[in-house]
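Hi everyone, thanks for coming. I'd like to walk you through one model today, so let me put it on the screen.

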There are 2 protein chains.
Amino acid sequence: MVVDFIFDVGSPNAYFAWKVLPGIAARTGAEVRIVPCLLGGIFKATGNQAPMIAFGNIRNKMAYEMLETRRFIRDHGLDAFQMNPHFPVNTLLMMRMAAAAEIDGGLEPLADAFLHFMWESGRKMDDPDVVRAALAEKGFDADRLMARAQEPDAKARLMSNTESAVERGAFGIPTFFVGEEMFFGKNTLRDVEAEILRQRG
Amino acid sequence: MVVDFIFDVGSPNAYFAWKVLPGIAARTGAEVRIVPCLLGGIFKATGNQAPMIAFGNIRNKMAYEMLETRRFIRDHGLDAFQMNPHFPVNTLLMMRMAAAAEIDGGLEPLADAFLHFMWESGRKMDDPDVVRAALAEKGFDADRLMARAQEPDAKARLMSNTESAVERGAFGIPTFFVGEEMFFGKNTLRDVEAEILRQRG
């Protein structure tokens, strides 16, 4: 059993999902497969918008979104989270590196590091110098990874992943596929777990 | 323990919630208190819109909303549901009757009947003649209830319920309050149940 995790490191909800998915994998034996995508590309292809833009003018709505986030943090003990002061952060460089790592191997530790720097340590991760320093700090070969991100196959992979996600039904992040059953949003993770068990029979 | 259920019979999601709430009440001992409101009034006060309008132009989004509804129907065995062919139905008359019944007593069976006619039997419940016939069919004193809906206290109650719901944080239906903890949407009903248990300690 594989869960495809439609992923862009720029979404705090991707961070939250990432912190909860290992428990689901451990309990069900399912494998989580990160699919590097560009949230901006998904929005462009679907006409969707970030919650802050779509809901910013609706009274009570963003306050409730924030309440749901506080509850999720409380329920899962995610106290290391902090909102990135540079939000929204352009994730093109990071996500091209992630797409290259999907091809070359090593995606999971790289995504984990990006999520740490974005959502636990508040770095300005659209600045190449900040990215280079952050990766070096974690022992990655930053120069190699950054050069790799600029190669055509990495760029093409990120684009095709994004297009495929939309073709399968995605309109935002985090999106999960259990087989072809789609689930959107961090609050559906318990449904993802139930669906894995259902399909396994 | 009381759960306030911010309610307008015009929302299919209010029907779904209504079918699941009795189980929560039975398991927790909490009481469900229907609060008749006008969804159109909540939308006007908050700038929110019906999903069909807000999400209609977003690729994949309404398809996912419908998928979530099919899953909810499956998971809770709600096979009696059918989409109302006259949707959207103006609920002003019904909700004024509900507000009068909140004052006079008898709200719960009346709401239950309205939900049946709207979401199991496809009646055009913004037509006073259809409403009268439907209520008579269920043994209600239809003429008395319809006259009562036009009295000032019924109209005022519906308006003040709607304003209070928005003051407390609502922006749509179904909304639930467990104490002052707010939950929005039928998919939060399991959180409502957990919150009742948490507050009861």
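**A walk from strand to interface**

Let's start in chain B, where β1(B), helix α1 (residues 12–28) and β2(B) form a right-handed β-α-β unit. Right-handed here means that, with the strands pointing away from the viewer, the path from the first strand over the helix to the second runs clockwise. Helices (H or I, at least four residues) and strands (E, at least two) are DSSP runs, numbered from the N terminus. Please keep in mind that this is a predicted model: local features need pLDDT of at least 70, side-chain atom pairs count only at pLDDT 80 or more, and totals for chains, interfaces and linings use all residues. Residues are numbered from 1 along each chain as its sequence is written, and chains are lettered from A and ligands numbered from 1 in the order in which they are written.

Those two strands, β1 (residues 2–7) and β2 (residues 31–36) of chain B, run parallel and are joined by six bridges; pairing requires at least two DSSP bridges. Val3(B), for instance, has Val32(B) as its bridge partner in β2(B).

Leaving aside neighbours within four places in sequence, Phe176(B) is in contact with Val3(B), Asp4(B), Phe5(B), Phe183(B) and Val192(B); contact means C-beta atoms, placed from the backbone, within 7 Å. Is Phe176(B) buried or exposed? Phe176(B) counts as buried, because it has 27 C-beta neighbours inside 10 Å. The cut-offs are 20 or more other C-beta atoms within 10 Å for buried, 12 or fewer for exposed, and partly exposed in between.

Now the cores. A nonpolar core is a set of buried Ala, Val, Leu, Ile, Met, Phe, Trp, Tyr and Cys residues joined through C-beta atoms within 7 Å. The largest has 57 residues, and Phe5(A) and Ala98(A) are among those with the most contacts inside it. Helix α6 (residues 107–119) of chain A supplies the largest share, eight residues. A second, separate core of 56 residues includes Trp18(B) and Val178(B).

Finally, the two chains together. A rotation of 180 degrees with 0.0 Å of shift along its axis superposes chain A on chain B, with RMSD 0.0 Å, by least squares on the C-alpha atoms of residues with pLDDT of at least 70 in both. That is the relation of a two-fold axis. The contact takes 18 residues from chain A and 18 residues from chain B. On the side of chain A that touches chain B, α4(A) gives the most, with three residues.

Definitions and conventions
Contact = placed C-beta atoms within 7 Å.
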